[in-house]
Amino acid sequence: MTHGIQLVFGHVWALWWWRLTQSNVTADNLRTNLCTLAQMPSAAKMLEATGAYSIREVHIHRGIPHSLPLEILSRDDVARTSLAHIKIRRWNGFVPVGSLCRAGDHLTCSPEFCFVLIGYDIRRICQEKLKSWQYIVVLAELGCELCGLYSKLDTRRGFKNRNVQLVTASQMRDFACSIAHERGAAIAYEALRWVIDCLNSPMETTVYLLLCLPRQWGGLELPRPRANLSLPVPNILWGKTSKRHVIPDLYWPEYGLVVEFFGDEFHAGNERRDLERQEIEQDMGLRVVTLWKDDVTDLRRFRTKAESI
């Protein structure tokens, strides 16, 4: 407990929070219009409230690493002071209604607010010097996760799938526009040019970015596809399959093109299902290009295979 004071968790904790939420939860389920940072207690009061407690006692979700310092977002100058297990980050910019979401007894940044804050902090987070466009790609990859149907986790698989998106790419762009003059918003908005909805895994995101980023950034500059869009199977094919819909990984309706990525899970009992989907897509008159994990991890192989697109 924290003496009844409601904390606002910063973007590092917020990212963990959203990754660990249940798969059927969206940000809209948890948004609150009840408070903004201007109405929150001062950093000094929050430090006083948390100072006597260990990080274990203020965890809001099992699974957040105990080694991760508690990060609190505050509006005032006392943010420069921190305790060993608590970091306070200052934000005195504009906070639109809906930027904060319920996180247990406390509040956390919405996914889109979290994304902008990470944009401001991206050079420190990366811990290495990158070219300006590379920071944008790192952010775009994160944006695709937040708007996708998966969350990265430190597990053997490396991620979990979600039933619904946390937030849409349109919501992310609208938010970045609404605070366009605040720190982090410009690079966030630039990265959001490359964010699409409903990608289903980290490798699917990698495939999409390799295909669609500008050539000077290492991509092939294809138009943005639709990811995991449900397509109805024509009646004429119903006698051949029990499926009434197929969901291609990446789909370009204007070209009748589908790209399917077969990763490690293809070898885990899903071969028949994946091959049947590919056959149905071809029977529907779509041109299907199949990429395997080795095609993506080996850039030379990828470029050779991508020439067929």
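Leaving aside neighbours within four places in sequence, which residues is Leu211 in contact with? Hi everyone, let's start there. Leu211 touches Leu220, Glu221, Leu222, Leu250, Trp252, Val259, Phe302 and Ile309, where contact means heavy atoms within 4.5 Å.

A quick word on the source: this is a predicted model, where local features need pLDDT of at least 70, side-chain atom pairs count only at pLDDT 80 or more, and totals for chains, interfaces and linings use all residues. Residues are numbered from 1 along each chain as its sequence is written, and side-chain values use heavy atoms, with hydrogens and water left out.

Back to Leu211. In the largest nonpolar core, which has 71 residues, Leu211 is among those that touch the most other members, along with Phe113, Phe115, Tyr208 and Leu250. Such a core joins buried Ala, Val, Leu, Ile, Met, Phe, Trp, Tyr and Cys residues through side-chain atoms within 4.5 Å; buried is under 20% relative accessible area (1.4 Å probe, protein chains only). A second, separate core has 11 residues, including Leu7, Leu68, Ile72 and Ile86.

Now, Ser110. You'll find Ser110 in the loop between β5 (106-109) and α4, with helices (H or I, at least four residues) and strands (E, at least two) taken as DSSP runs numbered from the N terminus. Ser110 is buried, at a relative accessible area of 0%. Beyond its neighbours within four places in sequence, Ser110 is in contact with Trp18, Arg31, Gly98, Ser99, Leu100 and Cys101.

Notes:
Buried means under 20% relative accessible area, exposed over 50%, partly exposed in between (1.4 Å probe, protein chains only).
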